[in-house]
Amino acid sequence: MIKYQELNIDFLIGIVPEFEKEIRDETDSIGQFLAHCIYGNVLNPKVVTLLKRDDYLESEILHRIFEMYENFAVWGDEETHNLLQVTLLEYLWDEKTTYERAPEIMGPNTKAIWDCIQEYLLIPTK
């Protein structure tokens, strides 16, 4: 099981070492590692940027991040599921491009959570 308390700075840097500086800077600016803030403020803009690229399907970093999302969906405790759904996946509903492209990279368990979001968020048109 992936416990929310284990989603610390070392865990995240282990998944995306390319973002270590941003992760550390964001943690320093907040004064502590708060998973919803750090994952949301660092990963979300990066994922959006990568999804908007023409070569998004070839992005190794993007595939690594979505593999982490799938692991959260399968093995995460309730708080980890909340992080995944509310902080990470809902963010991708803000724009049509990210909404359309993200499911192409998702695993089946992440996709199931993604489909639940449709019950309360509108599909983006822009």
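The model is predicted: local features need pLDDT of at least 70, side-chain atom pairs count only at pLDDT 80 or more, and totals for chains, interfaces and linings use all residues. Residues are numbered from 1 along each chain as its sequence is written, and side-chain values use heavy atoms, with hydrogens and water left out. The protein chain has seven helices and zero strands. Its radius of gyration is 14 Å, which agrees with the value near 14 Å for a compact globule of 126 residues.

**Fold and dimensions**

- From the N terminus on, the elements run α-α-α-α-α-α-α.
- Helices (H or I, at least four residues) and strands (E, at least two) are DSSP runs, numbered from the N terminus.
- The radius of gyration is taken over C-alpha atoms, and the globule rule is 2.2 Å times the number of residues to the power 0.38.
- Along the principal axes, the C-alpha atoms of the protein chain fill a box of roughly 35 × 30 × 25 Å.
- Contact means heavy atoms within 4.5 Å.
- Take the contacts in the protein chain between residues at least 6 apart in sequence: 68% of them join residues at least 24 apart.

**Surface and charge**

- Buried means under 20% relative accessible area, exposed means over 50%, and partly exposed lies in between (1.4 Å probe, protein chains only).
- Of the 126 residues of the protein chain, 44% count as buried.
- The protein chain exposes about 6,900 Å², and carbon and sulfur atoms supply 51% of that area.
- Accessible areas come from the Shrake-Rupley method with a 1.4 Å probe; for residues, only the protein chains shown count as cover.
- The protein chain carries 11 positive and 24 negative charges, and their mean positions are 6 Å apart.
- Lys and Arg count as positive and Asp and Glu as negative, while His and the chain ends are not counted.
- Each charge is placed at NZ of Lys, CZ of Arg, CG of Asp or CD of Glu.

**Cysteines**

- A disulfide is a covalent bond between the sulfur atoms of two cysteines.
- The rule used here asks for a pair of cysteine sulfur atoms within 2.5 Å.
- By this rule the count is zero disulfides.
- Cys37 counts as partly exposed because its relative accessibility is 31%.
- Cys116 is at 37% relative accessibility, so Cys116 also counts as partly exposed.

**Asp28, in helix H2**

- Asp28 lies in helix H2, which spans residues 20-30.
- Its relative accessibility is 61%, so Asp28 counts as exposed.
- Asp28 and Tyr120 are 92 residues apart in sequence, and their C-alpha atoms are 34 Å apart in space.

- Asn8 sits in the segment before helix H1 (9-15).
- With a relative accessible area of 32%, Asn8 is partly exposed.
- Asn8 touches Phe33 and Tyr39, not counting residues up to four places away in sequence.
- Asn8 and Ile38 are 30 residues apart along the chain, with 9.3 Å between their C-alpha atoms.
- Asn41 belongs to helix H3 (residues 35-51).
- Asn41 is partly exposed, at a relative accessible area of 44%.
- Neighbours within four places in sequence aside, Asn41 is in contact with Glu26 and His36.
- The C-alpha atoms of Asn41 and Val86 are separated by 13 Å, and the two residues are 45 apart along the chain.
- Asn82 is part of helix H5 (residues 78-89).
- Asn82 has a relative accessible area of 37%, so it is partly exposed.
- Asn82 touches His36 and Thr87, again not counting residues up to four places away in sequence.
- Asn82 and Ile23 lie 59 residues apart along the chain, with their C-alpha atoms separated by 20 Å.
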